[in-house]
Amino acid sequence: MAAAAAGGGAVAQAAGSDLWTWFRTRCARLIGRGDPRRESDALDQLDRTAADLRGADESERERVRNNHARLWEEEFASLLESMQQQPEESERLTAALHALARDFDDSRSSSGGVLSGNTFNGPTAFTTGDHSTQNVRFGREG
């Protein structure tokens, strides 16, 4: 159940973020498990989650986020329950849910590769990620 909770929380945190497109595709593939129809249904559900969060005003956003986290937790729990007779599949899904939550941990530092809400004026260079190196020279001699 911890995996289902982690996955549900990750969906609710990812919805509307800069990583949403990547996240929703990965999540839908996980849910679909090779079935294009299930994957398409998951994409529709994920899009409804994102739309509900976009449509929520500031005063209700946290409540809406928590509701969707619970809905997705239930979805993942149901999926895990349906695999009780397939322990290897269940273990793979559990690991994948934990990885999904770990890969989209909004408490990470900016070194996690997320770049959001920035404004650049004039010559600009930036780098993200661990152990990045950048040598930048602006002007005629650059």
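The structure is a predicted model, in which local features need a pLDDT of at least 70 and side-chain atom pairs count only at pLDDT 80 or more, while totals for chains, interfaces and linings use all residues. Residues are numbered from 1 along each chain as its sequence is written, and side-chain values use heavy atoms, with hydrogens and water left out.

The secondary structure of the protein consists of 5 helices and 0 strands, where helices (H or I, at least four residues) and strands (E, at least two) are DSSP runs numbered from the N terminus. Read from the N terminus on, the order of the elements is α-α-α-α-α. Of the 142 residues in the protein, 28% are buried; here buried means under 20% relative accessible area, exposed means over 50%, and partly exposed lies in between, with a 1.4 Å probe and protein chains only. The protein exposes about 9,400 Å², of which carbon and sulfur atoms supply 44%, the areas coming from the Shrake-Rupley method with a 1.4 Å probe and, for residues, with only the protein chains shown counting as cover. Among contacts (heavy atoms within 4.5 Å) between residues at least 6 apart in sequence, 58% join residues at least 24 apart.

The confidence of the prediction is given by pLDDT, the predictor's confidence in each residue on a scale from 0 to 100. The protein averages a pLDDT of 80, and 73% of the residues score at least 70. Confidence is lowest in helix 1, with a mean of 81, and highest in helix 3, with 94. Over residues 107–113 the pLDDT is below 50, and this stretch has 7 contacts in the model beyond near neighbours in sequence. Where pLDDT is low, the predicted coordinates should not be read in detail.

Helix 3 covers residues 36–55, and its 20 residues reach 28 Å from the first C-alpha to the last, close to the 28 Å expected at 1.5 Å a residue; the expected span of a helix is 1.5 Å times one less than its number of residues. The buried residues of helix 3 are Ala 42, Leu 46, Thr 49, Ala 50 and Leu 53. Seen down the axis of helix 3, these buried residues fall within an arc of 95 degrees, so they line one face of the helix, the arc being that of the directions from the helix axis to the C-beta atoms. They pack against helix 1 (2–14), helix 2 (20–32) and helix 4 (61–81), whereas the face turned away from the buried side carries the exposed residues Pro 36, Arg 37, Arg 54 and Gly 55. At the start of helix 3, a side-chain oxygen of Asp 35 reaches to within 2.9 Å of the backbone nitrogen of Arg 37.

Thr 49 lies in helix 3 and is buried, with a relative accessible area of 2%. Leaving aside neighbours within four places in sequence, Thr 49 is in contact with Val 11, Ala 15, His 68 and Trp 72, and its C-alpha lies 9.3 Å from that of Ala 69, a residue 20 places apart from Thr 49 in sequence. Asp 47, also placed in helix 3, counts as partly exposed at 32% relative accessibility.

Arg 24 is found in helix 2 and is buried, with a relative accessible area of 18%; beyond its neighbours within four places in sequence, Arg 24 is in contact with Leu 43, Leu 46 and Asp 47. In the loop between helix 2 and helix 3 stands Arg 33, which has a phi near 45 degrees, a positive value in a residue other than glycine, and which counts as partly exposed at 32% relative accessibility.

The 13 residues of helix 1 should span 18 Å at 1.5 Å a residue, and the end C-alpha atoms are 18 Å apart, which agrees. The buried residues of helix 1 include Ala 3, Gly 7, Gly 8 and Val 11, and what covers its buried residues includes helix 2, helix 3, helix 4 and helix 5 (87–103). Helix 1 is followed by Gly 16, whose phi is positive, near 85 degrees.

Technical notes:
Polar contact = N/O pair within 3.5 Å; in protein donor to acceptor, adjacent residues only side chain to side chain.
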